[in-house]
Amino acid sequence: MEELRGIDYLRRQLAVKQGRVRLRYKFYDMKREVPDLGIATPPKLRGWMSSLGWCAKAVDSLADRLTLTGFKNDGFNIWEIYQQNNPDIMPSAAILAALIGSCSFIYIYPDDNGYPRMQTIDGTDASGIVDQVTGLLKEGYAVLERDKNKSPLMEAYFEPGKITYYEKGQAARVFQHGIEYSLLVPIIYRPDAARPFGHSRISRSCMSIMESAVRTAKRSEITAEFYSFPQKWVSGLDSDAEQLEKWQASMSSLLTFSKDDQGDRPTLGQFSQATMTPHLDQLRMFASLFAGETGLTLDDIGFPSDNPTSAEAIRAGHENLRLMARRAQRDFGTGFLNAGFVARCVADEFSYERWNLMDTTPLWAPIFEADASQLSGLGDAIGKIQQAFPNYFTEEKLKELTGI
């Protein structure tokens with residue numbers, strides 16, 4: 001058996017990754033303070049912050065299309081456990097946290113009656129060592145409770161067969177459960193050999209584009225002030241003339257200037273009016289870059305097209321998003337299957353072999369709901385297939401295809 005690295009190692013590992021996950025939550029919550037370059041911003045406005053919700057849109061647009069509906073060939077009744085653990089919220093919370101921070105975790109523990117309960121923990125409060133063969137954790141660490149200053153009040157160290165709880169000010173408490181798997185299961189988005197804990201939906205490129213777009217929005221807001229009130233000028237006034245109040249001069253509909261003793265009169269003029277076009281063009285450029293990075297369209301980000309598109313055109317425009325959603329279903333499906341498997345082991349108080357679930361696969365709602373025209377086309381196609389292969393489309397297959 002491989003030697004465990006211990007809770008101190010996992011604490012350090014979490015501390016290294018925690019800042020990156022919190023940074024992405026700031027972008028998602030639109031609380032990131034974007035640095036001001038200080039070139040075109042007046043001193044009084046350098047502390048003013050703009051915000052855009054593109055990162056939240058990129059995450060939500062994918063998360064809202066991933067709905068776990070059950071498991072196929074579910075011989076262990078895994079979906080029954082999910083149904084008793086708030087299936088409308090718990091899987092969605094795990095998916096959202098994984099898309100933001102690249103991974104989330106499901107903490108499994110038996111209640112007073114020995115039935116497994118499942119709780120979502122985001123990437124800022126848990127870490128572990130991943131077995132890349134099964135996707136389970138060899139060992140794990142999680143902060144289960146924090147005080148108002150975000151300091152840990154209760155921590156848990158997960159090993160095969162037991163959990164050790166560390167509560168602030170109290171001695172360590174060991175819970176023996178007899179299951180040879182860790183009761184902390186990772187839900188990972190886009191894992192690979194180099195990064196077993198996956199990648200965040202909010203990539204470095206997304207954050208860089210967002211910061212540039214926010215600065216552009218701020219500059220456009222500053223320019224709008226000059227656009228609303230173009231600067232005017234007066235030359236040739238006598239030095240002894242009464243000075244005009246600036247606001248009155250800007251807002252007055254009629255100003256009078258008399259000639260001096262020599263019969264000269266002042267010259268009035270206005271500087272060329274500032275234009276918003278460069279800022280709008282630049283913001284649209286950043287929107288195009290962000291859309292290409294995340295598989296969205298400009299309509300999704302707030303730049304609607306002049307001509308409304310059909311359902312087929314919208315679906316074709318989201319082809320990249322559909323491929324991303326398919327990959328996410330495969331990644332998250334493995335995690336939810338592992339979590340349900342471990343929960344079943346806890347419920348039955350028996351360590352089943354992981355290979356027993358080789359035929360069990362997660363079921364998802366369709367990524368794009370079928371509209372009337374699409375259902376009509378599907379009906380024709382299904383009728384022709386049924387003629388060639390009678391009884392091929394069962395109720396279960398039709399639900400997977402159409403969602404109804």
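Colleague: Why is Lys-162 called partly exposed in this predicted model?

Modeller: The relative accessibility of Lys-162 is 26%. Buried means under 20% and exposed means over 50%, with partly exposed in between, so Lys-162 counts as partly exposed.

Colleague: What makes the contact of Lys-162 with Glu-159 a salt bridge?

Modeller: The side chains of Glu-159 and Lys-162 meet at 3.8 Å, N to O. A salt bridge requires a side-chain nitrogen of Lys or Arg within 4 Å of a carboxyl oxygen of Asp or Glu, so the pair qualifies. Glu-159 itself has a relative accessible area of 14% and is therefore buried.

Colleague: How do you know that Arg-11 and Glu-155 form a salt bridge?

Modeller: Their side chains meet at 3.0 Å, N to O, and the limit is 4 Å. Arg-11 lies in helix α1 (residues 7–28) and Glu-155 in strand β6 (residues 152–159), so the pair ties together parts that are 144 residues apart in sequence.

Colleague: Is Glu-155 buried or exposed, and why?

Modeller: Glu-155 has a relative accessible area of 13%. The cut-off for buried is under 20%, so Glu-155 is buried. Arg-11, at 29% relative accessibility, counts as partly exposed.

Colleague: Which parts of the chain does the salt bridge between Glu-211 and Arg-32 link?

Modeller: The closest N and O atoms of Glu-211 and Arg-32 are 3.0 Å apart. Glu-211 is in helix α5 and Arg-32 is in the loop between α1 and α2 (54–63), which places the two residues 179 apart. Glu-211 is buried, with a relative accessible area of 16%, whereas Arg-32 counts as partly exposed at 29%.

Colleague: Why is Arg-204 called exposed?

Modeller: The relative accessibility of Arg-204 is 59%. Exposed means over 50%, so Arg-204 counts as exposed. Together with Lys-17, Arg-20 and Arg-195, Arg-204 forms a positive surface patch.

Colleague: What makes Phe-389 exposed?

Modeller: The relative accessible area of Phe-389 is 55%, and the cut-off is over 50%; therefore Phe-389 is exposed. Phe-389 forms a nonpolar surface patch with Ile-385 and Tyr-392, with about 310 Å² of accessible area together.

Colleague: What makes α4 mostly covered?

Modeller: Of the 12 residues of α4, 9 are buried, among them Met-90, Ile-95 and Leu-99.

Definitions and conventions
Residues are numbered from 1 along each chain as its sequence is written. This is a predicted model: local features need pLDDT of at least 70, side-chain atom pairs count only at pLDDT 80 or more; totals for chains, interfaces and linings use all residues. Side-chain values use heavy atoms; hydrogens and water are left out. Patches are made of residues with over 30% relative accessible area and no salt bridge: like charges are joined within 9 Å, nonpolar side chains (Val, Leu, Ile, Met, Phe, Trp, Tyr) within 5 Å. Accessible areas come from the Shrake-Rupley method with a 1.4 Å probe; for residues, only the protein chains shown count as cover. Lys and Arg count as positive and Asp and Glu as negative; His and the chain ends are not counted. The place of a charge is taken as NZ of Lys, CZ of Arg, CG of Asp or CD of Glu. Buried means under 20% relative accessible area, exposed over 50%, partly exposed in between (1.4 Å probe, protein chains only). Helices (H or I, at least four residues) and strands (E, at least two) are DSSP runs, numbered from the N terminus.
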